[in-house]
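Dear colleague,

Please find below the structure that I am handing over to you. My notes on what was found in it follow directly after.

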Amino acid sequence: MSNPEPLLAARDLTKAHGRTEALRGASVELHAGEILAVTGASGSGKSTLLHCLAGIVRPDGGSVSYGGERVDRLPERRLSELRRTEFGVVFQFGQLIPELTALDNVALPLMLGGAGRREARDRAGEWLERFGVRGQGELRPGEMSGGQAQRASLARALVTGPRVVFADEPTGALDSLAGEQAMTALVHTAREAGTSVLLITHDAQVAAYADREIRLSDGVVVPVGVTA
Amino acid sequence: MSTRHILLGLLATGPSHGYDLKRRHDERFPQARPLAYGQVYTTLQRLVRDGLAEVDGTDTDGGPERTLYRRTADGTRELARWAGEIAPPAPFVTNEIFAKVVVSILSGGDPAAYLRAQRTAHMERMRELTAVKTGPGADLTTVLSADYALNHLDADLRWMTTTAARLTTLTAEVDSA
Amino acid sequence: MRGVGAAGTGSDLRLAWLLTRGSDRREWWRVGLTAVGAGLATGFALGAVAIASVEGQYSVGFGNGLLNQPGERAGVVVALMMLLIPVLGFLGQCSRIGAVHRDRRLAGLRLAGAAPGQVRRIAALEAGLACLAGSLAATIASVVVVLGVWQRPPVVVWAGFALAAVAVPALGAMVSALALRRVIASPLGWVRRVRTARRPGRVFLVAAAALAVLLLMALTSDERGQLGLAQAPLTVFFAVLLVGAGAIWLSGASARLTGAFLAARTDRPTVLIAAERLRDDPWAAARTHAAVLLVTIVGTGFMGVRQALLAALDAEQPLAASRSFYTTGLDLTAAAIAVALLITLSALAVGTAESLATRRRGLAAQTAAGVPQAVLGRALLLETALPLAPAMLLAGVGGMVIATWYATLTGSGTLPWTALLVPAGVYGACLLAAATSLPLLRRSVRPGELRYV
């Protein structure tokens, strides 16, 4: 736990949505190449924690540092860039644009980074291949099965070679087989590329893909028990 | 779990000796408890006694002498019957975890701490199993048997989570009884 | 049987009320704006009825004598009837606010065992009641105005008023029932949105053909080959409707072609998003865009006609009436076109806002994934800008043809180039109308929207 500097560290995060306090002093460390599961009951603040760590929302209090930068103090412009280049995000659904084909969806982050269409599509194709959905590249998200669409989402999150992937219940809408395929693909690729993953889930079988687990309860990290 | 039927099943591919059967069993059922060498021989002798298997001969193969066994026609019939028979949906689950929680309440211990520790141990085992099944070169047999164990551990875990959330009520109930 | 039917309608009404009351804020926007649209429609229709029912020479105390002559009154009636077209476009756009939710709710009703007819009645009642509210308000206002300026209005005015006041809500209910035919056919249709471009169906083609036939009949019914005064307003009205139908087709086709062309070639993410959305559903904005085109054609043509007419007025000094008689006519027409443009732009703004609101979860996810808001904003504007550009060019040309034709007819030598400002101005105004949604985009992409994903 105390070995090298963490890649991403949050200290004493607080965040309220209206009158509900979603986070009440949560601290997390994510090391390079680590897969960390965040578990906890619904409403325990898991998603809010992810949003704060990924720079999607600013915490009310506490700090988030990534590679020497204070994420919680960055201007929105730099945050967008950070999320587009250094981070990848995967949600239960919604991160694919319904009107774009899977291939264009995966190519989009590259194009936003200035890559040409052809080059972006070529690289997107390679990533779809890794996730086993190359053949569905010309389909739109609505024409794919849930599992295929989610694997395309994972490809989109990883295509820019991010250092951290944030996944919020990535298997939440999938049956167990499709979920297993998506998780296996994510874990393999992340390990291969040395990408860190912050994995939010309420499913212990999904959490078991991680190297380590932290549990949230009422907005704070609770001890998971005596580690052997 | 009927060891004799599993050994009968392994004999279906052809005559085999005890050591070979043990090795094949442990390979094919990676998440099951490994068979003890002595248990294999006792079981084989019972199969012979009941007429389900018979001695096929001996195989020296340079080393110590090994007895080869093969299945009888009765054995084939018995195996078919057993394989088609449903497994009784376990009516009495030996629930050690629940017993420990109750004993802990009765003796004034800390059931919540116990559940947390147990949960950690379960998660640790689930991570190991997941690593095994996602590891390089894991075949489908490995994946499926790991999945079986994972699902059972997950069921325990879910039960522990709901129990932990209801410990206060349980304590009151156990104490008043 | 009759008793059962009556009880059925009663319970439908109760259900419609319950469902509307329990619906979310956006649906109240739909109800409110539908009422406003219905009110405008009723108002214009009642105005047309009142002016049309004036017979012969009559001295009206306002409008510089413009309403005194039957001929000029016919022109005003035409103008009022033409104003109905953008209002209808506006109503069509309003019916889409929260439409996804309404469709889902009605599909839920179907799944819960309601008969198709019942669902259709409930939907029709919902829309009909909103229209009735607007139309009642407009009727009351019109009655007050008529009683104020007209001592003893003839019975025919009241009959016309009653007819228009009832026809508008009835029409609204019918259109709403028609729009729901897909939901009713398959209650599960919305569960998995298989996206099929909703191109104008047979109804549209049949209506266009009927219009063409009516137009031909109106043109040929007079043996002298000239337009009879009585038919003139109707003829022009039908002609404009027909051009409008053509404009719908034109804007849909131009959206699809632009989308397909750009989607295959562009290197820019904003253009790619906008183009693929256009290709996916080119007809989504066709109705509003058609109204924009119509206004542009009429506006460009009018500018040309105005310039030629004013030149002619300056040339021939002895006029049949005072100069202000003509200029008032021109100004009133200009005002009518401006009102039409305003209504159309509102419809465009409503349409853009609605398309954003429907997609807000997806947009929030895009932003969370690092797609800059500026990119999403530009894509939103491009969705309006791209298909309108070629269509606007054609509309400008169409308007110029009218203007040039009139200029040569009146023998004024100069070509009305100033009219070309109209398409450019309308184009800019459309972009501004679409841009009114940008603040909504900023609100839509808040991560709060992600919480309920």
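**An enclosed helix in chain A**

Helix α3 (residues 102-112) of chain A is largely enclosed by the rest of the structure, because 11 of its 11 residues are buried. Please bear in mind throughout that this is a predicted model. The buried residues of α3(A) include Leu103(A), Val106(A), Leu108(A), Leu110(A) and Met111(A), and also Asp104(A) and Asn105(A). What covers them includes α2 (76-85), α4 (117-130) and α5 (146-158) of chain A. Chain C takes part in this cover as well, through α10 and α14 (373-409). Just after α3(A) comes Gly114(A), with a positive phi of about 105°.

Most residues other than glycine have a negative phi. Asp12(A), which is not a glycine, has a positive phi near 50°. Asp12(A) is placed in strand β1 (residues 8-17) of chain A. It counts as partly exposed because 14 C-beta neighbours lie inside 10 Å, whereas 20 or more would be needed for a buried residue. Glu169(A), also a residue other than glycine, has a positive phi near 45°. Its place is in the loop between β7 (164-168) and α6 (176-193) of chain A. With 21 other C-beta atoms within 10 Å, Glu169(A) is therefore buried.

**Where chains A and C meet**

The contact between these chains draws 25 residues from chain C and 25 residues from chain A. On the side of chain C that touches chain A, α10 (269-280) and α13 (360-368) each supply at least two residues. The most comes from α10(C), which gives six residues to that side. By class, the residues on this side of chain C are 13 nonpolar, four polar and eight charged. As noted above, α10 of chain C is also among the elements that cover the buried residues of α3(A).

Chain C itself has 16 helices and zero strands. Of its 453 residues, 44% are buried. Among contacts in chain C with a separation of 6 or more, 85% are between residues 24 or more positions apart.

**Nonpolar cores**

The largest nonpolar core has 198 residues, and Leu53(A) and Leu199(A) touch the most other members. Helix α3 (residues 70-94) of chain C gives the most to this core, with 15 residues. Apart from that core lies another one, of 12 residues, including Leu35(B), Val40(B), Ala53(B) and Leu79(B).

Which residues does Leu199(A) touch, not counting those up to four places away in sequence? They are Ile35(A), Leu36(A), Ala37(A), Val38(A), Ala167(A), Val206(A) and Ala210(A).

**A helix crossing in chain B**

In chain B, the axes of helix α1 (residues 3-11) and helix α4 (residues 73-84) come within 10 Å and cross at roughly 120°. The two helices are therefore oblique to each other, and their crossing is left-handed. From α1(B), the contact is made by His5(B), Leu8(B) and Gly9(B). From α4(B), Gly75(B), Glu78(B), Leu79(B) and Trp82(B) take part. By class, this contact has three nonpolar, three polar and one charged residues.

With kind regards

Notes: Residues numbered from 1 in each chain as written. Chains lettered and ligands numbered in written order. Predicted model: local features only at pLDDT ≥ 70, side-chain atom pairs only at ≥ 80, totals over all residues. Core = buried A, V, L, I, M, F, W, Y, C linked by C-beta atoms within 7 Å. Helix = DSSP H or I, 4+ residues; strand = E, 2+ residues; numbered from the N terminus. Contact = placed C-beta atoms within 7 Å. Axes fitted to C-alpha atoms, helices over the stretch in contact; angles between N-to-C directions. Parallel < 35°, antiparallel > 145°, perpendicular 65-115°, else oblique. Left-handed = near helix turned anticlockwise from the far one by under 90°. Nonpolar A, V, L, I, M, F, W, Y, C, P; charged D, E, K, R; others polar.
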